[in-house]
Amino acid sequence: MRMMTIICRENLESTILQILNNVGVKGYTVMAGLGGRGQSGSVSEHSWNDRNVSFMLALEEQQAMSVANAVKQMYDKLLESTPGEEVPLKVFLQPCEVIL
């Protein structure tokens, strides 16, 4: 099993949700209104726009790869449509063991 964390700007949330639905992901946790600093700049949790959202998903290996591939395709399309700009999207994948 794998734990996937997706962090993106709030304006990408609906696209990520569509991907999760299309791949058949049944459960996930969403945290909205997040701030932070990274490669695409600073985001304040106190701002009314340009905040981050984070998704946490515990997935079997095959489904994790399906989600990762779909998000990568979305990322590539965003890169093409905004050349020279950093896309505010990161995906992290790590081992996950359910203990309860």
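Is the crossing of H1 and H2 left-handed or right-handed? The crossing of H1 and H2 is right-handed, meaning that the near helix is turned clockwise from the far one by less than a right angle.

## Basis

This is a predicted model, in which local features need pLDDT of at least 70 and side-chain atom pairs count only at pLDDT 80 or more, while totals for chains, interfaces and linings use all residues. Residues are numbered from 1 along each chain as its sequence is written, and side-chain values use heavy atoms, without hydrogens and water.

## Chain

The protein chain has two helices and six strands, in the order β-α-β-β-β-β-α-β from the N terminus. Helices (H or I, at least four residues) and strands (E, at least two) are DSSP runs, numbered from the N terminus.

Of the 100 residues, 27% are buried (under 20% relative accessible area, 1.4 Å probe, protein chains only).

## Helix pair

The axes of H1 (residues 13-23) and H2 (residues 61-81) come within 10 Å and cross at roughly 140°. Axes are lines fitted to C-alpha atoms over the stretch in contact, with angles from 0 to 180 degrees between N-to-C directions.

## Thr 5

Thr 5 lies in strand E1 (residues 2-9). Thr 5 is buried, at a relative accessible area of 17%. Leaving out residues up to four places away in sequence, Thr 5 touches Ser 54, Phe 55, Met 56, Lys 90, Val 91 and Phe 92 (heavy atoms within 4.5 Å).

Methods
Buried < 20%, exposed > 50% of the residue type's maximum accessible area, 1.4 Å probe, protein only.
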